Amino acid sequence: MLIVNSVQPGCHCTTAGEWTKQVEPGKTGKIPVQFDTTGTGGMIVRQITVSCNIPNQPPMVYLQIKGTVYKPIDVNPPWAVINVPPDVETGSLVVSITNNTEEPLILSPPQSNNRMFSAQLFTNQPGKGYQLKISTVPPLGVGSIQGQVVLTTTWSNTPVISVTVVANVQPAL
């Protein structure tokens with residue numbers, strides 16, 4: 001009899017449900033696995049480690065989930081983290097926004113909910129590709145500053161794109 005002792009996903013985005021603990025010879029069992037696609041896009045590979053009692057074999061079996069996560073709108077990076085060194089007055093980061101559908105995507109000018117951040121939208125390819133430049137606005141205090149940059153869209157199923165922004169302002173030593 002096959003005894004499945006444990007099922008260990010390799011990351012926080014993958015979880016395992018209740019699996020078949022014992023499988024009779026010639027029978028099958030199930031290991032339900034769920035992958036959370038939040039914050040991911042493109043090709044993914046995730047590993048699950050299964051501990052069991054296979055005779056004359058290593059006690060671990062490795063399962064892989066492979067696939068492509070499709071997003072109609074891809075925001076990369078999904079979170080903007082700007083590290084500002086102590087000898088620099090301001091910092092910036094560029095976020096790419098890509099429309100992966102045939103329907104044109106029109107974006108509004110970006111709005112920041114924190115006056116410490118400004119944002120500019122540039123069009124690479126009308127209706128398809130954009131760059132969002134997010135910058136800190138001096139004077140900056142030492143520490144972490146957070147905010148959101150929001151763009152409204154012409155799509156009813158995705159009316160808003162929101163980018164979380166964090167600036168880490170490092171102290172002078």
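These legends go with close-up views of a predicted model.

**About the model.** Residue numbers start from 1 along each chain as its sequence is written, and side-chain values rest on heavy atoms, with hydrogens and water left out. Since we're looking at a prediction, local features need pLDDT of at least 70 and side-chain atom pairs count only at pLDDT 80 or more, while totals for chains, interfaces and linings use all residues.

**View 1. An open sheet of four strands, in the order β7-β9-β12-β11.** The pairing here is antiparallel (two strands pair if DSSP finds at least two bridges between them; strands are DSSP runs of E, at least two residues, numbered from the N terminus). At the edges sit β7 (73-76) and β11 (117-125); each has a single partner strand, so one side of each has no neighbour in the sheet. On average, neighbouring strands are turned by 20° against each other, direction ignored (axes are lines fitted to C-alpha atoms, and angles run from 0 to 180 degrees between N-to-C directions).

**View 2. Strands β9 and β12, side by side.** Take β9 (residues 92-99) and β12 (residues 129-136): they run antiparallel and share seven bridges. To find your place, look for V95, whose bridge partner in β12 is L132.

**View 3. Strand β14 with β8 and β13.** Residues 160-169 make up β14, which pairs in the parallel sense with β8 (residues 79-84) over six bridges. A80 has V165 of β14 as its bridge partner. With β13 (residues 143-152), β14 pairs in the antiparallel sense, this time over ten bridges.

**View 4. The salt bridge between E18 and K21.** A search of the whole structure turns up one salt bridge (a side-chain nitrogen of Lys or Arg within 4 Å of a carboxyl oxygen of Asp or Glu). It joins E18 to K21, with the closest N and O atoms 3.4 Å apart. E18 is exposed at 67% relative accessibility, whereas K21 is partly exposed at 36% (buried is under 20% relative accessible area, exposed over 50%, partly exposed in between, with a 1.4 Å probe and protein chains only).

View 5. L63 belongs to strand β6 (residues 60-69), and at 33% relative accessibility L63 counts as partly exposed.
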